[in-house]
Amino acid sequence: MKVLLDIGLLGFGVTIPISLLLAATKNSSAKLKVPAMLQLLAAILVLVGAIHVFLTNGQYSWNFDYLNMFPGVKFVMDRLAAFFVIIITLVVIPVSLYTTGYMKEYSRKYSLTYFSFFTSVFISTMLMVVLSQNIFFFLVAWELMSVSSYFLVVYENGKRPAVDAGSLYIIMTHLGALFLIVGFALLSYYGQSFDLEIIKTAVATIPHWVKNLIFVSLFVAFGSKAGLIPLHIWLPEAHPAAPSNVSALMSGVMLKVAAYGFIRLLFNVMGFSMMWWGVLVALIGAATALIGIIYAVTQKDIKRFLAFSSAENMGIIFATLGIAGILSRSGFAALSTMALAAALFHCINHAIYKSLLFLGAGNIIFATGVRNLDELGGLQKKLPRTAIWFFIGTAAISALPPLNGFMSEWAITLVIIKGIKAVTAPGIQMTLLITGTLLALTAGAAMYGFVTLYGIIFSGTPRTDYQKKLHPMEPVMERALAILAGLTLVVAILGNWFMSHLNTDFTFGNMPLLICAMLLITGLILYFTKRVNPTETVEVGETWACGFNNLNGQLQYTAKGFLQPFRRNYQLILRTEKKKQFDKHAFKKEKLTIEVSIVDFFEEGIYKPTIRLAEYVSGLISKIQFGYTQIYILYILIALVAVIVKVLRY
Amino acid sequence: MIKYLMILIQTALLVGLAPLFVGVVRKFKAMLRGKKGTPLLQMYYDIWKLLQKGRIISVHASFITTLTPVISLVAIITASLFVPVFYVSPELGFTGDFILVIYLIAVIKFFNAHSGLDASSTFGGMGGSREMFISMLAEPAIFLGFVYIFLRSGELNLNSAAASLNTKLVLAPASIAAFFAFFIILIMENARIPIDNPETHLELTMVHEAMILEYSGRDLALIELASSVKLLVFSTLFVNLFVGGGIAASLNPGGLLVALVVYLLKILALAFILSVLEVWSAKYRVFRMPDVGAMAVTSMFVAIILLLVSRG
């Protein structure tokens with residue numbers, strides 16, 4: 001078994017130089033397919049190995065001692081790491097398949113070598129982060145992961161929005177990395193080592209205020225990478241800017257790696273020591289979930305919608321993690337493990353259906369070139385297979401039985417309800433109640449939003465004439481979607497059995513029996529209605545339009561209209577700004593332009609004032625810059641004297 | 001073994017009795033309005049008539065329109081497998097099955113809203129958007145309802161909860177608040193006045209009816225049946241969980257018969273209350289729905305806090 005993992009991981013590593021070497025060839029098909037197929041095979045091998053480790057609670061480790069290099073660097077796959085490796089490889093398989101068809105569109109304008117190289121670095125470093133035992137290497141891998149994904153985000157460097165999105169992304173991710181370094185520095189100082197196992201034993205000696213500081217730094221670091229508010233603003237910019245397969249990887253996998261980091265460091269290494277940590281994480285997670293879906297629903301761009309929805313789901317995951325922390329602190333170890341299991345299960349489910357949705361969005365944009373929801377419509381007739389898989393994706397994310405989203409919603413709801421009864425402190429009960437209510441509201445809003453997404457794009461008739469210029473679809477892209485859609489059902493059926501390895505309370509009853517019962521009832525209904533009316537006629541006619549016979553696409557609801565009650569309801573958060581402009585010219589017709597835009601609360605309320613403050617402070621400081629070199633030499637002299645005095649004194 | 005047979009009997013009862021329940025509500029409404037009203041069994045005749053007819057499907061429709069009627073009925077029948085009617089036994093459910101029941105009902109809403117958009121009609125979009133909006137507002141109240149039931153009965157599956165609540169006092173303040181909240185949820189989820197008017201023929205005032213405007217024949221029969229079963233399922237949950245009493249926990253025939261009669265009487269009383277509410281008030285504007293949802297959430301919250309305070 002270890003051999004499989006060795007070969008697989010080596011395969012991932014080998015893809016990096018191979019994709020560079022392929023720059024020499026002119027055959028763009030080889031440049032694209034060889035790295036993608038290598039990654040696919042490597043992913044399958046690693047997946048099998050990881051599943052084995054998970055089921056048997058095994059542990060494998062790798063180190064570089066035999067090379068006499070990098071002493072103390074260890075990679076370990078234990079059950080938690082194996083779970084996340086499963087998530088990574090499970091998503092990499094369909095995405096690699098998808099890449100072989102999707103990138104053909106880019107092969108003319110942008111470099112395929114660049115794409116293959118950075119994708120292989122991205123996937124390999126994500127695996128390295130998950131497997132790292134040594135926090136220095138964790139940091140190195142984390143940075144490489146961020147940087148390689150930055151290069152992928154700005155892949156379409158001819159477009160200004162992509163480049164701007166990349167800049168925002170790299171700044172935010174480095175801000176997070178700064179806090180990560182602070183947290184790790186403190187941990188390694190007290191643990192006297194870079195090895196997580198050794199730090200774990202030394203955690204008890206860390207004073208309380210330092211532990212709080214470490215918690216805050218790590219929470220900011222992992223939270224900003226996962227897209228929790230208020231550090232989420234890079235998510236809706238970066239994920240849409242990247243090509244769709246990269247968006248699927250980032251949204252489906254990279255965000256989960258952030259969750260892995262949080263779980264590993266705060267549950268495994270540090271142990272959730274304080275109650276207020278759990279409360280903070282739970283409340284911020286729940287707030288992210290609600291605000292994420294509120295902003296998601298107001299977007300017109302398909303990929304921005306999906307990006308905000310990723311933030312929402314990461315909020316749900318972190319809220320559940322916070323609840324696990326609260327429960328473990330209150331002494332309910334079994335419930336806490338169940339909450340952790342529910343959060344992990346949601347991780348894998350979200351990875352599957354979010355990748356499905358992003359790849360589906362990729363299909364839509366590949367075929368139509370349109371990203372605006374309100375210009376589409378009736379796509380189901382032209383892309384029937386994409387429509388079905390995308391439909392299953394939206395059903396899964398709305399937590400409908402018998403798909404996988406329902407299983408994790410069920411687990412999370414159950415854990416919260418049990419927790420409310422178990423916990424006795426009133427403040428904690430209130431926290432759990434509020435978190436649960438916010439998550440319930442989010443679930444309802446998510447269903448609303450995803451009904452809109454599928455309905456406006458695929459159902460009905462076209463709202464503009466975009467269907468005149470459709471690009472033919474590559475079949476492999478649809479097959480990748482089919483794999484993910486099938487996984488939603490498979491994970492639901494196997495989920496019970498799989499998750500019971502983590503915690504035996506997690507038994508849903510009998511999902512296969514339920515599905516059989518539903519199929520049986522379907523059969524009975526169809527049989528009965530056929531018996532009653534064997535000669536039933538089915539005609540095709542025009543839709544009822546209240547007597548008018550000029551039904552056209554423009555009469556349908558747009559996404560904006562469908563979601564209007566929602567937007568009106570949440571006016572407190574979604575401030576709108578209306579600009580009117582009335583042009584009257586002597587020889588032309590009068591023109592009235594009204595522009596309604598939603599004011600982003602975080603951008604206007606938090607980031608812009610902070611930036612203005614920073615500019616103001618910089619302005620004050622710049623008063624000491626006179627432009628004469630002599631004065632700067634004087635400053636250097638003063639600083640030097642001050643340092644010498646201080647050093648001599650102590 | 002006979003216990004599992006009781007699941008089938010109770011489900012068959014729910015599915016079979018649902019059109020009669022709707023008929024009773026309509027009869028009460030007519031009586032309150034001073035009219036004779038349609039026959040009690042009218043809905044059965046309607047469903048039978050629709051099953052005999054052919055279907056017309058819109059040229060713009062897709063697989064969603066074909067799937068929705070069957071999926072709606074399958075979902076609600078599957079949900080009613082777990083609902084205790086007049087006999088409870090802890091083996092007939094599993095932990096957290098009430099979550100499954102609610103999400104199966106969400107499946108119906110999901111597919112109905114999609115079928116509204118599917119036919120490319122404005123009315124469908126309108127009905128779908130309103131229905132999704134209202135169901136979003138009801139979600140937190142339903143979650144709090146679960147919390148309340150668990151706190152009150154100490155059980156996590158519907159059958160055990162009903163058994164435990166059988167003997168608990170209904171007149172406690174917490175129960176009254178929860179009763180009120182779940183009643184509001186029942187109205188919101190089932191498209192009754194004052195949320196939606198099931199009798200309206202004006203498309204602009206429709207919520208549920210607008211989504212199913214394009215259906216005819218067998219499809220319409222299945223959807224109408226599914227809606228009426230949904231109403232009866234919610235009513236059954238309401239009378240068994242929030243107005244406990246009278247449920248049989250053992251299999252002796254006398255006890256079962258008494259439990260059945262008690263159940264039918266409770267449902268009859270609920271039908272009367274529903275019809276009084278429907279005659280007495282008019283449909284609210286869509287933008288007043290958040291207020292109604294907030295009322296449900298607040299009442300449930302009050303009930304839960306009263307329970308938590310009295311317990312600790």
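The contact between the two chains takes 75 residues from chain B and 72 residues from chain A. Keep in mind that this is a predicted model.

**The interface**

Putting chain B and chain A together buries about 6800 Å², and carbon and sulfur atoms give 74% of that area. For polar links, the rule finds 18 residue pairs in polar contact across the interface of chain B and chain A, both residues being at pLDDT 80 or more. Several elements give two or more residues to the side of chain B that touches chain A, among them helix 2 (42-52), strand 1 (55-58) and helix 3 (63-80) of chain B. Which element of chain B gives the most to that side? That would be helix 5 of chain B, with 19 residues. Sorted by class, the side of chain B that touches chain A has 48 nonpolar, 17 polar and 10 charged residues.

**Salt bridges**

Side chains of opposite charge can pair when their charged atoms come close. Over all chains, the structure holds 15 salt bridges, while across the interface of chain B and chain A the rule finds one. Here are two of the pairs:

| Pair | N to O distance |
|---|---|
| Glu536(A) and Arg55(B) | 2.8 Å |
| Lys104(A) and Glu474(A) | 3.4 Å |

**A helix pair in chain B**

Back to helix 5 of chain B. Helix 4 (residues 97-118) and helix 5 (residues 122-153) of chain B pack with their axes 8 Å apart, at an angle of about 170°. That angle is over 145 degrees, which means the two helices of chain B run roughly antiparallel. On the helix 4 side of chain B, the contact includes Phe98(B), Ile102(B) and Phe110(B), and on the helix 5 side it includes Gly124(B), Gly125(B), Gly128(B) and Met132(B). By class, this helix contact has nine nonpolar, five polar and two charged residues.

Now for some backbone details. The peptide bond from Ile229(A) to Pro230(A) is cis, with omega near -5°, and Pro230(A) is found in the loop between helix 8 (208-226) and helix 9 (235-241) of chain A. Another cis bond runs from Pro401(A) to Pro402(A), with omega near -5°. Pro402(A) belongs to the loop between helix 14 (384-397) and helix 15 (404-422) of chain A. Ala399(A) also lies in the loop between helix 14 and helix 15 of chain A, and Ala399(A) has a positive phi of about 60° although it is not a glycine.

Notes
Residues are numbered from 1 along each chain as its sequence is written. Chains are lettered from A and ligands numbered from 1 in the order in which they are written. This is a predicted model: local features need pLDDT of at least 70, side-chain atom pairs count only at pLDDT 80 or more; totals for chains, interfaces and linings use all residues. Side-chain values use heavy atoms; hydrogens and water are left out. Axes are lines fitted to C-alpha atoms, for helices over the stretch in contact, and angles run from 0 to 180 degrees between N-to-C directions. Helices (H or I, at least four residues) and strands (E, at least two) are DSSP runs, numbered from the N terminus. Angles under 35 degrees count as roughly parallel, over 145 as roughly antiparallel, 65 to 115 as roughly perpendicular and the rest as oblique. Contact means heavy atoms within 4.5 Å. Ala, Val, Leu, Ile, Met, Phe, Trp, Tyr, Cys and Pro count as nonpolar, Asp, Glu, Lys and Arg as charged, and the others, Gly among them, as polar. Buried area is the accessible area (1.4 Å probe) that two parts lose on being put together, summed over both. A salt bridge is a side-chain nitrogen of Lys or Arg within 4 Å of a carboxyl oxygen of Asp or Glu. A polar contact is a pair of N or O atoms within 3.5 Å; within protein, one must be able to donate a hydrogen and the other to accept it, and residues adjacent in sequence count only if both atoms are side-chain atoms.
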